[in-house]
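Subject: Structure handover

Hello,

I am passing a structure on to you, with notes on what was found in it. Please look at it first and then read on.

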Amino acid sequence: MTEGSSNPIPHKQIHPGLQFLILMGILIATIIAGNFIAGAIVVVRYGTDTLLDIANLKLGSQQVQSSLWTIQFIGTTLPILVTPIIFAYRIVHDPDDYIKHHFDYPRMLMAVVFVAMLAVFPFIQYLGDLNSKMVLPEALKGVEHWMRQSEDEAQKLSDTMMRMPTFWSMIYDLLFIGLLTAIVEEILFRGCFQTVFFRWTKHIHVAIWITAILFSAFHQEFYGFLPRLALGLLFGYFTAWSGSIWPAILAHFVNNGTAVVWTYLLQNNITNLDPDKQKLFSNVIFVASFLATMLLLFFYKYISDKWQAAHHGEELD
């Protein structure tokens with residue numbers, strides 16, 4: 001029996017709408033299973049009191065910090081990695097198209113991505129500041145209170161995990177939060193979801209926008225929705241115009257890694273500039289940041305089109 005016969009419906013016959021439901025089903029199931037396993041491991045190692053401390057935001061002990069990392073890895077990071085692997089290899093049997101892990105793209109794109117991520121930083125800060133000032137109508141004040149409370153609680157958990165008293169703890173966070181998170185999230189969102197939405201809508205720009213919205217919503221940070229949406233759009237175009245997941249992974253890593261390193265510098269009093277609490281740039285810089293990023297994005301597409309035309313005789317949309 002051939003490998004393909006394990007799936008009675010060849011992937012090309014699975015409607016993209018059904019692909020989306022299957023992908024979401026696998027993701028939800030693995031996250032539920034992962035959190036159950038992570039909770040069990042925490043209870044076995046530290047007892048139920050540690051889980052209760054996390055639930056009550058009593059986050060001072062080393063056991064709680066270690067448990068948060070266990071829950072994050074087994075309950076979120078691992079499921080986000082396992083889901084696209086199962087989907088691409090066992091459901092649609094097309095990892096080349098749904099993971100896009102090949103290196104068939106011009107290496108110069110990686111330099112453009114790096115510069116673009118530095119250029120976009122002021123504009124992302126502007127969107128974050130704009131988003132943080134969001135006010136809902138009076139009738140939805142209860143919802144707004146819940147959103148801000150949820151955001152504050154999530155921030156406390158994040159701050160606990162991001163305690164970096166030493167250089168090596170920063171390196172650990174840089175590898176886990178910066179690199180590993182970038183890899184697994186890009187494989188899932190720009191690899192699988194964006195491909196599914198493109199097959200469904202037959203329009204790459206629509207697919208990129210839907211995926212970016214889903215990507216931002218997935219993080220459940222209401223007051224960080226706009227900057228994460230903008231980043232998702234960048235990652236989406238980096239993937240679509242190169243045909244590979246690696247430029248988006250680099251962009252994601254630069255974004256996450258910058259946040260990790262800056263947090264380390266703040267915690268250890270090496271700098272006192274806090275982008276979350278201070279307006280570091282003027283409005284002129286915000287506009288210049290946006291324009292520079294757009295120019296770099298179009299330059300990225302130009303390089304990709306030239307490469308595709310030279311190597312494959314085609315031009316990307």
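In which helix is Thr77 found? Thr77 is found in helix H3; helices (H or I, at least four residues) and strands (E, at least two) are DSSP runs, numbered from the N terminus.

Before the details, a note on the source. This is a predicted model, in which local features need pLDDT of at least 70 and side-chain atom pairs count only at pLDDT 80 or more, while totals for chains, interfaces and linings use all residues. Residues are numbered from 1 along each chain as its sequence is written, and side-chain values use heavy atoms, with hydrogens and water left out.

The chain as a whole

The chain has twelve helices and zero strands. Read from the N terminus, its elements run α-α-α-α-α-α-α-α-α-α-α-α. The C-alpha trace spans about 60 × 55 × 50 Å along its principal axes. The radius of gyration is 21 Å, which agrees with the value near 20 Å that a compact globule of 317 residues would have. That radius is taken over C-alpha atoms, and the globule rule is 2.2 Å times the number of residues to the power 0.38.

Of the 317 residues, 44% are buried. Buried means under 20% relative accessible area, exposed means over 50%, and partly exposed is in between (1.4 Å probe, protein chains only). The accessible surface of the chain is about 16,500 Å², and carbon and sulfur atoms hold 68% of that surface. These areas come from the Shrake-Rupley method with a 1.4 Å probe; for residues, only the protein chains shown count as cover.

Contact means heavy atoms within 4.5 Å. Among the contacts in the chain with a separation of 6 or more, 74% are between residues 24 or more positions apart.

Apart from neighbours within four places in sequence, Thr77 is in contact with Gln72, Phe176, Leu180 and Val184.

H3 covers residues 62–91, and its axis comes within 9 Å of the axis of helix H7 (residues 141–161), with a crossing angle of roughly 105°. H3 is therefore roughly perpendicular to H7. The axes are lines fitted to C-alpha atoms, for helices over the stretch in contact, and angles run from 0 to 180 degrees between N-to-C directions. Angles under 35 degrees count as roughly parallel, over 145 as roughly antiparallel, 65 to 115 as roughly perpendicular and the rest as oblique.

Which residues meet where H3 and H7 are in contact? From H3 there are Gln65, Leu68, Trp69 and Gln72, and from H7 there are Leu157, Thr160 and Met161. The residues of this contact divide into four nonpolar, three polar and no charged. In this grouping Ala, Val, Leu, Ile, Met, Phe, Trp, Tyr, Cys and Pro count as nonpolar, Asp, Glu, Lys and Arg as charged, and the others, Gly among them, as polar.

Two loop residues with positive phi

His93 is in the loop between H3 and helix H4 (95–98). Its phi is positive, at about 55°, although His93 is not a glycine. His93 counts as partly exposed, at 23% relative accessibility.

Lys100 is in the loop between H4 and helix H5 (108–119). Lys100 also has a positive phi, near 60°, and is a residue other than glycine. With a relative accessible area of 13%, Lys100 is buried.

Met117 is in helix H5 and is buried, with a relative accessible area of 6%. Leaving out neighbours within four places in sequence, the contacts of Met117 are Leu231, Leu234, Phe235, Phe238, Ala251, Val254 and Asn255. Met117 and Phe253 are 136 residues apart in sequence and 9.8 Å apart in space, C-alpha to C-alpha.

Phe36 lies in helix H1 (residues 16–46) and is exposed, at 65% relative accessible area. Phe36 and Ile71 are 35 residues apart in sequence, and their C-alpha atoms are 9.1 Å apart. Val44 is found in H1 and is exposed, with a relative accessible area of 71%.

Pro165 is in the loop between H7 and helix H8 (167–201) and counts as exposed, at 64% relative accessibility.

Regards
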